[in-house]
Structures are given as structure tokens and as C-alpha cells.
Amino acid sequence: MKRRTFLMTGSAGILLAAMPLHRVLAQGKKYRFGFSQVTTVEPWRVQFNKDMKREADLHPEVELLIADGQDKTEKQVADVENFIRQGVDVLLISPKESAGLTGVTLKAIEAGIPTIILDRNVNTDKYTQFIGGDNVVIGRAVGEYAVKALGGPGQAKGNVVEIWGGFGTQASHDRSDGFHAMIDKEKGIKVINEKVDCDWKQNKAYDLMTTLLKANEQIDLVYGHNDPMAYGAYLAAKDAGREKDIKFLGVDAIPNEGVQWVNKGQLTATFLYATPGAEGIRQGLKIVKGEKVEKTITLPTMTIDKTNAPQVLKDNGLG
Amino acid sequence: MVSSRPADALSAFLLRTKLYWSLLVLLAVGVLTSPVSSKGINIFLSTGNLSDVLRQVSNNGIVAVGMTLVILTGGIDLSVGSIMALGSVLCAMLLTEDGWTSATFLSLPIFAILCGLFVAWGTQRVLRLRHGSFHNIGGRAVPAALVGAAVAAGAFWWATTQVPGKFGVVGVLLVVPAAGLAFGWLNGLIITKGRLQPFIVTLAMMVGVLGIARVVAGQDAAVHPVYTGTNATEDFDVLRALLYRIVPVPGLFFLAIVALSALLLRTTLFGRYVFAIGGNEQAARLSGVAVDRVKIAVYAISGSLASLAGVLYTAQYRQGKPDAGVGMELDAIAAVVIGGTSLMGGKGSIAGTFVGVLIFGFLSNILQLNNIDSNTQLVLKGVIILAAVLLQEGSLNDVRSGFRRIFGSRAARHENVPAAGTPPTGIAGSTSAIEARPGDSSERKEVPLQATQGSV
């Protein structure tokens, strides 16, 4: 037993001791950026990470460490605490929830690490910088488009289904508020479903839409807070044979996903929610070089429908 | 005895403490592979990192302690995740909302009834003054019940004074675990009186309580943020504090609960009954142990610890939400099993669970400090958990000889196949009051097997 244990633990030790090798290889890098991502299960976040890695490659003095929180607040908090212990030069966080990540953001600031919050905000403003799209503006753009699609201002009418993203995120509340700011003015537009948390996931939207299709004869427009959810609703409608009667609006506009769906005529329109990662790296570099940065950077949005989808795809090298 | 005494004693010692060796090996690996900070300090061993890890494991640890008690009786509790989520929702709502909300409607009556019952039970024991068994109460029931009712009224009155305003720390720490205790008690009741499998009952409870948590939380806000100082009392922050900049308060809770439960299991009659029921329930029942009451108590304890974990979750992450505890039951069970507690019941210890929880925590910490890709982390965790459990059970040799027989050397095929049972795992185990001591007679039988296995 003693020999066996020794052999086993010895080999395990050697294996694990090989791990720091990658740190030796990264010796040439001057700055360590720690990025805590929520999850890589959503396509938007996959794009997010891709954009970030591409930007980091453009700056050879930056070593980018990405931690995946596997969609759990506890894991993400532990990841950030870990980065604080490792003493990274800049900390970037894309929080799962505003309240849950607030404590650890404050910890990072107290430890003297510049912290950039990406995409979703936290319940404190002591961070160094926030970069994200303005979801209220996006919601408004969606609302405007919906009103136009349903008959124009003053004459719009139709039954609308709104599919919510995670209730714990500010993004879904903002996208809904902006949307309602535009459509509540129209007496003919009715939102026919209760708020259900579909957590940005395609399969949950599919299930919700299937139920709604059975319960409602007339549905004119579906607004999903992100493209996967809108697409899930489209698939549900297709399975019920009613996809031609319904317009589908989503948000994100990732080139090989949302824009493709618009191009194929499955989604009616999508609205760009740019990934803040690349900008985050650029701003982070400014910070470590000692420059002053703005407190908030808002990324602009763009409406993409059949008219400009092909061009957007070409610009991104996708046919 | 074939081998000499000192080697024998050393092997026995190693066998008894092998639980701790896994942890020590892990710590050693952590120290060796840890990055070094710019000042030359080993980051893994830094007080900051260690206190982080202690805080990170505390919630899971508290739930795992309750789970140990349940598993020791041969049962299982899958509802702890949902009870923890309900606890966090109740805590958040009690802290941030005035008046009678769905949270107060749910928790206050439970709290009052439990206070009353507890006091009634205490008074009855005092009046009896002897005998530690849960038998018939007899004629002293009436005064006990009266006192109980009086205290229930008192507790209810005090709690209602809290209601118009928001609850404070003490109020929340009393009321929320009481609610968890009630749900755990319900679990135990259905399992014992309904004579159902614990797996199914707690599974149903897991789903049901998740629904209750969502209903209580309401449609408009699935997440209830707690802003101490603005919409909640400042005092609540004490549950998130870092004492002397090193010891996290949740860690204190965890250590205290570990100590108390270990004492409960080792020194009290209740603890002996728990092991007895796990070892052989029929024998325990026939020997006069009040099996049903002990089991109900064990599930109740598990439920109350789970909702206490919910309160600490709310303090740490400043929010209460119904989805907080998803998957927590599996983490707790994994920690308990790594710690050497048998899923069949009757064998195990709180010390084992404590080590199991720490192994989990340090494993995650080491992998993250080395910035291993998260997906690879999951794979590695699975492999290492398997390895740890195989080591604990001592069946590593069975696996090896199994492999040898399949890919076969002649020697392996002729090797003595060890008996199905593993050598007695003496990990801080206690014997039940009912089982015969596995002392001399079985030891004499075991020795020849041990010699052919060629191992300790």
C-alpha cells in the first residue's frame, strides 16, 4: 500500500507539476488580464470570447486568462477571488447577476485591481469602467420596428409575445422597458403572455412558445430578448405550421447566427448587441499604461433585417 | 500474525488515517504547483487564499454535514438544494420587505409552532427527569403542552412585532432555519409513516419546494437583492464579514456545526441510534430504538442546516433567489462519499465529511490557480473524485487485479481473489450499540486475506 500510494501520488504530482509549464512559456508577457466569463454555453458569449482572444492576440504584451463560471454565481465569485489572489493587472468581469457579483467587485477594487465590468452591470459604481450596449436604446429600436411592422404609428395592432431573458439581469429589464416605451402608446398592440424567465436559452423559449401557440389562435409578433430565444420560438411555430403568420424579432446579431437567420428569412429582424470584450482589452491597456478612461462606454446598436443582412454577412467574411 | 509488530502498527495507522493522507497530498500538490506572487509569497498558502477557500466551501459544507447524518441512517436527502433556495428567498424577503408578505405568511406560523413544540418537549423531559427514550409521555403531557403553547404565543407575538418593519439578523437566523426544519420534518414524516423510499420522497420534495420558493418569490422579481444599509439592516453584513481580516464568518458557522455534529454523533445516545439504524434497521427496531423518531429528527436537522446555508448564501451574494440551490445536493453527496461515509449507512464520520468538503474546495482552488481551462477542470474533477473514492474504499487493488486478469498475466490469473468485502475501514468509525464489535473474531479471519493481497 505504501509503495502503491507513493507511486500514484508521485505520478499525480509529476503530472500536476507540469502544469506551471505554461506559465513559464508565458513569461514574455508584461500584463496579465483576468477575465471572468459567465458561461460559454450561449452563442453570444462564444462570440464574446472569440472577439476578446482576437484582440488580445493583436497585443503581444497581454496575457489573457479566461475563467468560465459555468453559469453559477458561486463559481464566478470564486473565479474572481482567484484572480484577485493571483494579482492580475486588470480584472474584467461579465457578471451573471448584478447583486451576486457586487461583493467581489468591491473586494477587487479594495485590493487595488482596476476592474472593468462588461455587458451586465453590478450594484455599485465603484468599478473602474463599464462597457456595454444600452439595452434600453435597443429595446426602443425593437419597439419602433415592431410598431412599423404591425401597421405603423397610430394604427398598429396585433398580439405580441414577449420572451424574457434572465430575470436577475438588468439587460432583460432594460430591453423590455425600451420595448414597452414604444408599444404601450399603441392601443392596438397587446402583449398576450405572462412574464416567464427563459434565461436566454433557446430550448426554454421553444417550450414556452409551443404552449402559447396551443393557447392562442392569433399571434402576430414575437419579441425574444435575444436571438436564440427568438429562434426557438420560430422553431416552435414551424413545428406548429404557423411560422409564416408571425414576425420574429431578436437581439444580438451575431454574424454566423442571428444575421444568418435573418438572411434565411427565419427571423424578421435582429438588433446588434456588440460584444464588449475587444473594447475591454483596449481600455484595459490604456489603464495599465496610466491613462485616464471614461467611466462608461456605450456601444452603439444597428438594425439588421433582410435589406442589409447580406452586406453584414459579407463584411464578416460569411458569404 | 506474520509481519512484525511495528510495521503492522504503522500499516494500521496509515489505514486509519488514509482519509487525511488524501487531503495532505492534495495540499502538497497545491503548494508545489502554486504560482508565486511578485513578493515571493506562495499564493496557495497565503492567508487570503486559504480564507477564500474556507468561505467557498462553507455553504456546501454545512449542507454536507446534514447530509452525512441522513446518509448514516441509510437514507438520502435530495431536497436540500431546494430547501436552501427557499431559505435564501425567505431570508431576502424578510430582510427587505415590510409587513405581511408571502414570506412571513409561510415562515411565521411554522416558527411559532416549532417554538411551542420544542418547549413542550423540553418541559416534558424535565418533568420526567430520567430515561432517555422517546416513549409514551404519560400524565405529564398536559403541563408541558400548556407551557409549550404559552411560549408559542410568546414567540409568535415577538415575531409579529418584527413583521411591520423588516427583520433583523437575529430574527432571520431564527425564523428561516425553523422553516427548513419544518420541511425536513415533513420529509422524515412521509418517509417513516408512509414507508416510502427516501430517494423518491426527497425527490418529490425537491421539486415541490422549488415551486414553493418560486411562488413565494413571486412573478415580478425572481431575484430579491439585499442592499444592506438601504433596503435591509446594516447588521446583516456581519454574516459576510471577515473577522480579523482572516476568518470568514460563514467559515465559523461551518466549523461550529462540524464540531457540534461530531459531538452529537460520538457522545450522545442519539448518535448511537443513528449508527444503529444505518447498520441494521430491523435489529435496531427490534431492540427498542425509536427508529421513526430518530429518522424524522435526522431529516429535520438536514432541512434546517440547508436553510441556514440559504441565509448565509443571501448574506454572501446579497440576493435571494429560488434557483440558488440547483445541483447542491449532488455536491453535498459527493463530499460525504469522498469522506468515507458508506451510502448504505452505518459507517462514516463527520470528520470524513469535513475532509471531503475540503478536498473538493482545494481541488477547485488548485485547478483555478493554475488557470486550467474550465472544461478540462470538470473532467479532472471527475477523475480525481473517482480516484479518491477508490483509494478510500481500498478497492484500488481489486480494480488493478481485475485489469490484470483481463489483460492477463498468468500470475494474475492464479492470484487469490480477495473476498468481496473490503478490510474494515477504521476511519474514525464508531460501532453501533447493536452490532457486535468487529473485534477479535473477524480480525483473525481477515489476516490470511490481507497477506495474499500483499497490501495493508
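**Fold, salt bridges and selected residues of the predicted model**

Buried residues (under 20% relative accessible area, with over 50% exposed and values in between partly exposed, 1.4 Å probe, protein chains only) make up 57% of the 319 residues in chain A. The model is predicted: local features need pLDDT of at least 70, side-chain atom pairs count only at pLDDT 80 or more, and totals for chains, interfaces and linings use all residues. Residues are numbered from 1 along each chain as its sequence is written, chains are lettered from A and ligands numbered from 1 in the order in which they are written, and side-chain values use heavy atoms, without hydrogens and water.

Chain A has 12 helices and 12 strands. These are DSSP runs numbered from the N terminus (helices H or I, at least four residues; strands E, at least two). The C-alpha atoms of chain A fill a box of roughly 75 × 55 × 40 Å along the principal axes. The accessible surface of chain A is about 13,700 Å² (Shrake-Rupley method, 1.4 Å probe). Carbon and sulfur atoms contribute 53% of that surface. Contact means heavy atoms within 4.5 Å. Among contacts in chain A between residues at least 6 apart in sequence, 72% join residues at least 24 apart.

Strands pair if DSSP finds at least two bridges between them. Chain A holds an open sheet of 6 strands in the order 7-6-8-9-10-12, with mixed pairing. Its edges are strand 7 (188-191) and strand 12 (303-305), each pairing on one side only. Neighbouring strands of this sheet are turned by 20° against each other on average, direction ignored; the axes are lines fitted to C-alpha atoms, and angles run from 0 to 180 degrees between N-to-C directions. Strand 8 (residues 221-224) of chain A runs parallel to strand 9 of chain A, joined by 3 bridges. Here A:V222 stands opposite A:F248. Elsewhere, strand 1 (residues 31-37) and strand 2 of chain A pair in the parallel sense over 7 bridges. A:Q37 faces A:D68 in strand 2. Of the 7 residues in strand 2 (residues 62-68) of chain A, 6 are buried.

A salt bridge is a side-chain nitrogen of Lys or Arg within 4 Å of a carboxyl oxygen of Asp or Glu. The count over all chains is 24. A:K201 bridges to A:E42, with the closest N and O atoms 3.8 Å apart. A:K201 lies in the loop between strand 7 and helix 8 (202-215) of chain A, and A:E42 in the loop between strand 1 and helix 3 (43-57) of chain A, so the pair ties together parts 159 residues apart in sequence. Both residues of this pair, A:K201 and A:E42, are buried. B:R55 and A:E81 also form a salt bridge (3.0 Å, N to O). B:R55 belongs to helix 3 (residues 47-72) of chain B and A:E81 to helix 4 (residues 73-86) of chain A, so this pair joins two chains. Both B:R55 and A:E81 are buried.

A:R242 is buried yet has no salt bridge. A:R242 lies in the loop between helix 9 (227-240) and strand 9 (247-252) of chain A. Beyond its neighbours within four places in sequence, its contacts include A:L213, A:E217 and A:I219.

Methods: Lys and Arg count as positive and Asp and Glu as negative; His and the chain ends are not counted.
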